[in-house]
Every structure is written in structure tokens, then in C-alpha cells.
Amino acid sequence: MNAAIAVIRRDLLLAMRRKSEVMTALFFFIIVVSLFPLGIGPEPVLLKKIAPGILWVAALLATMLGLARLFAPDHADGTLEQMALSPTPMGVLIAGKIAAHWITTGLPLVLLAPVLGIQFDLDGAALGILVVALLLGTPLLSLIGAIGAALTLGLRGGGVLLSLLVLPLYVPTLIFGAGAVEMVVSGMSAAGHLSLLAAMLALALFFAPWATTAALRIALE
Amino acid sequence: MNWESPAAFFAMGGYGLYVWGSFGACALLMIAEPILAAKRRRDILRSLRRERLAETLDSQGTE
Amino acid sequence: MNNRLIHWFKFASPQSFYPLAGKMIPWFWGLAAIFFVAGLYIGFFVAPTDFQQGEGYRIIFVHVPAAWMSMFIYLVMAFWAGLGLALNTRLSSMMAQALAPTGAIMAFLSLWTGAWWGKPMWGAWWVWDARLTSALILFFLYIGFIALQAAIDDARRADKAGAILALVGVVNVPIIYFSVQWWNTLHQGASVSLTRAPTMATTMLWGMLIMALAFWMYSIAVALMRVRAIILEREAHTEWVKELPEVKN
């Protein structure tokens, strides 16, 4: 546990030194969300209806941006090999790295999303559910994405390949995440969607670090 | 028997385009795929044979 | 028991499987041909016209088998890939690699025939129907598997990475299927479904099952052809390949 926290601390420190990477993903999120009204037209009723989908798709894409760099620097400087050889189980260290990825890319999206939601005229209840859904969903995106990042580590065309592998796996998260907000917008309960998101998160928390570690060990061979 | 004439068979009760569009695509891909698989094996066999020939010529040359 | 185990491991080596596959291929082609002829005969000449969908329904004789095979092949592929990862047997990984293109083609055919069925029935080439959408995602999963293996030069790493992706995919396929189903019922209610025809004549069902068998035998035959090519590519520098009669002449 301490080792995992140490990894998170280290990665956060590194992220603080390279703020531009974090900021790029964040501005990408804002820009993508702002492009939709320009492409579709300013009609408020339509925009309110598609807002949950837009915010979620943009969050998906913004999370993708940082994934290619999740393991690459550590692979280049040999840190990853040290992790594989360390007495602490590698899965714990990798879980720490995934957590750090979420804190630097997922969490800012969660905090920013309500502001963007206001642009689409979402009301208070919908914004609240949007935050809760993103809070459950973005860690899921980081966890699933980490598997793809590990599989494509060091490959040519890795970035494009990564999105090809990961985006289809993001479909359930997108459906339940955006669905939760849509339920509230249309005046129903989002409890079902949110509990399914939570169930998927529990499943991913259990399996994803393990699968990521296995994929990294293959890449390191 | 369902069809009164070959023309009726090909017309498929007005759905000819859709039925033959589906069956045609299946036939096309399911003929092309084995041909490509066979070609893949022929290609590797050809290069293996060439390699073997090069090796035998090589050993003859050194003797 | 022990004997049987040895027997199986004997065929698990590429060297002994290569000639065995060569002997099996004509048999599977023969079975595929018989089932195709029987299935097409029943499908076109025995099965009656559907009272709702007219002759257009005959597309199900290729659509449903293709859709079934695309799902079934993914499971089989993941099984072989996982076995290759767990037991470190090269042949099972090669089998998984040989199955992927066939599975992708089946997924594509189920999409294509679904669209050609949908145009006259729904009036649109594409409808975001739960089945079509999950078939599309399955197609993406196949493409991802093929692309990942193609991007890795080292064959053993490609096998192992592909295996992890296939296993992650297998865990996700039911979740994806369920989520798409949920999304679909929420947004547009129950839609007309291709396979849930209310009254399906027995001959229609038989035609469909026999066509499914034909597709199955076809898939085995073509995957065996491809695995033979893969074995030769991977084992090109071994003695036994150099001693093969087709290489010697």
C-alpha cells in the first residue's frame, strides 16, 4: 500500500513538473465539447438533449490522449523494469500508476464537466448526476485504458492502435454514463445506471491492474 | 416448388436486389478467403524452396 | 489416461499438426459443400414464402449463420489464445491467429447482410438496432486483435499480447452486449428483430441450422488452411520444414 502511494506521489510530482500535458487534455475536452454546438446549431432543446452524450464522448477522447504516455517514459528510462523486479508485487505499483493517471486526467474532467454542462442548460440535478457518473466512470476509463497502453507499449503506430483497442471497450461505460444523465434530464431515476457503473468499476478494479501487469511483463520480455 | 420460372427465382418477389446482394457478398468473400489462404501458403513455400536451392548451391560452390 | 495425454500433446506440436491439418482440410471442405448444397436447396426451394416479409426473409439463411459464427469464433479464438498463454503452446496461439480473419469476415458479413435485410424491412440501410450495433463492436474487437498482432514483430510477444486482448474482450463481450441491449430498449423500444420472427416454419429453421453447419465447416476448413501457412512462416528455419516433400521439390 505504501509503495502504491509512493508511486502515486512520484507520478503526481512528475505531472506537476510537466503541467502542459495535463492542461492539453483538459483544453482538448473543453474544445471538443464547444465544437458540437458549432457543428449542430445553437438550438437549446436539441443541445440539452445531446449534452450528456457530448460530454461523455469528449471525456472518453480526452482520457485517451494521456494513455499513450502512461507507461512510455517509465519504459524508456528503465523504471518499469525496476518495478517488475521490485519485491512489492508489480500489480500494486501499476495500480498506483493508474490511480495517478486518473488524478491527473480523470479528476480534472469531473471537476470541469459541470461548468461545461451549464453551457448546455443542464439543471442542478442533472449536473449532480453528471459529476457522480463521471466520478464512477472516469476511473473505469483509466483502468481499461491502462490495459491498452500496456499492450501497445513501444509499438510503432502505438497511439492509433491504442484507440482502436480501447474505444470499443469503452462502449458500456459510455452507455451507462451518458444514460444516467439522460435519465435525470427526462425526469427518471439514474440509480440503475449508476449501480451498473459501480459494478463495472468494481470488476475493473479487480481485473484491470492484473491484466495490465501481465501485458507489461510481456512487453518487457 | 416455390418458383414458376427462373425469372421469378431471380426476382425473389421484388426482393431480388437485397437477397442477391446478401448472398453475393457471402459467396464473394467465402470464395476469396480460401484463395487468399492458399496463396499465403504457396508464397511461403516458394520462398522456402528458393532458400533451400540457395543453400544447396552454396554448399556446392564451397566444395 | 496417460496415453491419451501423450497423444494430445503429440498433435499439439506444429510439426505433427501440419500434415494432420492437411489431411483434415478436404474432409471439412466436403462437409461444407454438402451442407451448403442442402442448406441452399432448403432455403430457396423448400422453405415457403414468409407471409410478412415475402421472399426478402431468405437473407436470414446467410445472416443468422454469419452472426452466430462471428460470436462463436471469437470465443474459440479467445480459448486458443488463452490456452497458448497458459500452457505456452505455440500451436494454440497460431490457431487463434488463424481464426481471427475468418471471424472478422463473419462479423462483416453479418453486418452487410443485416444492412441488405434492413433496407427493404426498415427502409434504411442502417438502424441502430441492438444486434447490429453489438455486431459492429464485435467487428471492431476483431480488427483490434488483428491490428495488435500485426504491429508486433516478435511472434511470441504478438501471441501473448493478443491473448490478453482476446481474454479482456471475452470478459467484455457480454457486458457490451447487455449494455447495447439496455441502451436500445431505453431509446426506441422493442424493434422488429430479424431472428425473432413470430412464426417460423420448421423448414425455415432447418434451412438456417444446416446453413449454420455449412458456415461452421467452412470456417474450420479455411482456418486450417491459414494455420498451415502460419506454421510454415513461423517454423521456416526448422529442420522438419526444410525436409517437407513440398519444400524439397
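Trainee: What should I know before I start?

Mentor: Residues are numbered from 1 along each chain as its sequence is written, while chains are lettered from A and ligands numbered from 1 in the order in which they are written. As the model is predicted, local features need pLDDT of at least 70 and side-chain atom pairs count only at pLDDT 80 or more, but totals for chains, interfaces and linings use all residues.

Trainee: At what angle do the axes of α3 and α6 of chain A cross?

Mentor: Two packed helices are described by the angle between their axes and the distance between the axes. Here, helix α3 (residues 44-67) and helix α6 (residues 90-119) of chain A have axes that come within 10 Å and cross at roughly 155°. Helices are DSSP runs (H or I, at least four residues), numbered from the N terminus. Axes are lines fitted to C-alpha atoms, for helices over the stretch in contact, and angles run from 0 to 180 degrees between N-to-C directions. α3(A) and α6(A) are therefore roughly antiparallel (over 145 degrees).

Trainee: Which residues of α3(A) meet α6(A)?

Mentor: Among them are A:L55 and A:A59, and the α6(A) side includes A:L109 and A:A113. Contact means C-beta atoms, placed from the backbone, within 7 Å.

Trainee: How many residues of chain C are in contact with chain A?

Mentor: 23 residues of chain C contact 21 of chain A. On the chain C side, α6(C) gives the largest share, 14 residues.

Trainee: And where are the most contacts between chains?

Mentor: Between chains B and C, among the two pairs that touch. No contact joins chains A and B, and their closest C-alpha atoms lie 24 Å apart.

Conventions: Helix = DSSP H or I, 4+ residues; strand = E, 2+ residues; numbered from the N terminus. Parallel < 35°, antiparallel > 145°, perpendicular 65-115°, else oblique.
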